[in-house]
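The sequence and structure come first.

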There are 2 protein chains.
Amino acid sequence: MKQQLTIIKVGGKIVEEEETLQQLLKDFTAIPGAKVLIHGGGRSATKIAAQLGIESQMVNGRRITDAEMLKVVTMVYGGLVNKTIVSRLQAEGINALGLTGTDMDIIRSHKRPVKDVDYGFVGDVDAVNGALLSDLIQKGIVPVIAPLTHDGKGNILNTNADTIAGETAKALAKYFDVTLFYCFEKKGVLQDADDDNSVIPYINEEAFKQYVEEGVIVGGMIPKLENAFNAIHAGVNKVVITLASAIDGKSGTIIEK
Amino acid sequence: MKQQLTIIKVGGKIVEEEETLQQLLKDFTAIPGAKVLIHGGGRSATKIAAQLGIESQMVNGRRITDAEMLKVVTMVYGGLVNKTIVSRLQAEGINALGLTGTDMDIIRSHKRPVKDVDYGFVGDVDAVNGALLSDLIQKGIVPVIAPLTHDGKGNILNTNADTIAGETAKALAKYFDVTLFYCFEKKGVLQDADDDNSVIPYINEEAFKQYVEEGVIVGGMIPKLENAFNAIHAGVNKVVITLASAIDGKSGTIIEK
């Protein structure tokens, strides 16, 4: 039997505000066994970019990353947000290691080709070095991954944290019995968008298709769930979509085969 | 016989300008065997702080680091400068890993006590985890270390890169035959400050004392050399003070017992 591994993806909002960060650190520390944290940082990037006189341009919820914005996200995601989390986890006795995809070549990507939109220095993931990450995790190290990858040609690329979480979970499924948590601002996938308590407890692929047909699951939740099923098909044991404060696995929407 | 290890400390200026960075990457890549890079980033920090409306205050060449400045150096040293170097080294086929002292608890420090000057969030190094660094290096990984440490209580501390280099060299001397290069803007320690070619090729402790007595070695070079002898006494094989473009070890001032 493979060892359990919990991978938590949290959005920027949670790690950027002291109160929610404190709660996350407490909850994350309480997770037994091997674990990985993947974080965003978009709000801080937007704020610091604005202070530097750089305007944030978003298309379909994704950041347009020109050369100047790339410097900002490299500073904010790889430096400020990542190292703040790592130092705080160290204080909790967690042997955290902050990483971007370029460190030890753990996540290789390519610059997204320009179709309708030129996203700039944005990466689509090609490969996650699961063997190396597994090796670190086996040693008791807890990787804390910022949403930055590289192309192997000297370029850092801004990369969606949900995608990094999914790809990392898939790469580690060979070595561990992986549960992946996508944390967001709701308790889970909702049956009724207006009722925060109408969480759908389990979704399999068949139910997902039906929910989409019925218009119950719409918008940004569709790619999130497609990502989840994609991870499940690649060997990830379980995906949970829930609040960051519910990473004890006792609530949220569980996605299984 | 222990394996050779080369530790290179370069100042901010070298890694912040494209031309000198390119040369450094080329020279660093050419160093055979195990290696570690330790970098500064002060100029970029000053520039970005200014753009954010934060004034840089220096006392005796050291940066006063209040809470806002700590955010800047965490972003710039740990994010922008560190990850830029790492991604560029990866493109050269070097398996670089960007680290700050908080990552895997590799460099523990304490906040400098306030005496005449309150330097703020500045760390004095207590311990470098040589065993862990050695383990990574043995695996072919090249640590690239930013001048940030932590106190184990959740605080990142701004830390002098020369000190980090010296302490890292000392901690690794147990595992390797260490040569430490302090790179700066001169060819070496000069006999005559006005003659850039008057490099003193070798200095031992006795000669050092004499040079100081005679007023040949003055100012900031005195603590640099004291650091060097300190490293030598702790088992470091050789310290070289030279230009970043001379890390082939064929020029500069060599400090030995």
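pLDDT is the predictor's confidence in each residue, on a scale from 0 to 100. In chain A the average pLDDT is 93, and 100% of the residues score at least 70. The model as a whole scores ipTM 0.95 and pTM 0.96. It is a predicted model, in which local features need pLDDT of at least 70 and side-chain atom pairs count only at pLDDT 80 or more, while totals for chains, interfaces and linings use all residues. Residues are numbered from 1 along each chain as its sequence is written, and chains are lettered from A and ligands numbered from 1 in the order in which they are written.

**Chain A overall**

Chain A holds eight helices and 14 strands; helices (H or I, at least four residues) and strands (E, at least two) are DSSP runs, numbered from the N terminus. Its radius of gyration is 18 Å, close to the 18 Å from the globule rule for 257 residues, so chain A is as compact as a globular protein of that length. The radius is taken over C-alpha atoms, and the rule is 2.2 Å times the number of residues to the power 0.38. Along the principal axes, the C-alpha atoms of chain A fill a box of roughly 45 × 45 × 35 Å.

Of the 257 residues in chain A, 52% are buried. A residue is buried if 20 or more other C-beta atoms lie within 10 Å of its own, exposed if 12 or fewer, and partly exposed in between, with C-beta atoms placed from the backbone. Contacts are pairs of residues whose C-beta atoms, placed from the backbone, lie within 7 Å. Among the contacts in chain A with a separation of 6 or more, 70% are between residues 24 or more positions apart.

A:Phe184 lies in strand β11 (residues 176-184) of chain A. This residue counts as buried because it has 21 C-beta neighbours inside 10 Å. Beyond its neighbours within four places in sequence, A:Phe184 is in contact with A:Gly11 and A:Ile241. The C-alpha atom of A:Phe184 is 8.7 Å from that of A:Ile14, 170 residues apart along the chain.

**The sheet**

In chain B, eight strands form an open sheet of mixed pairing, in the order β5-β8-β2-β1-β11-β13-β14-β12. Its edge strands, β5 and β12 (202-203) of chain B, each pair on one side only. Two strands pair if DSSP finds at least two bridges between them. Two pairs are listed below.

| Strand pair | Bridges | Sense | Facing residues |
|---|---|---|---|
| β5(A) (96-99) and β8(A) (142-145) | four | parallel | A:Gly98 and A:Val144 |
| β11(B) (176-184) and β13(B) (238-243) | six | parallel | B:Thr179 and B:Lys238 |

Strand β5 of chain A is covered on both faces: A:Ala96 and A:Gly98 are buried on one side, and A:Leu97 and A:Leu99 on the other.

**The two chains**

Conventions: Two residues are in contact if their C-beta atoms, placed from the backbone, lie within 7 Å.
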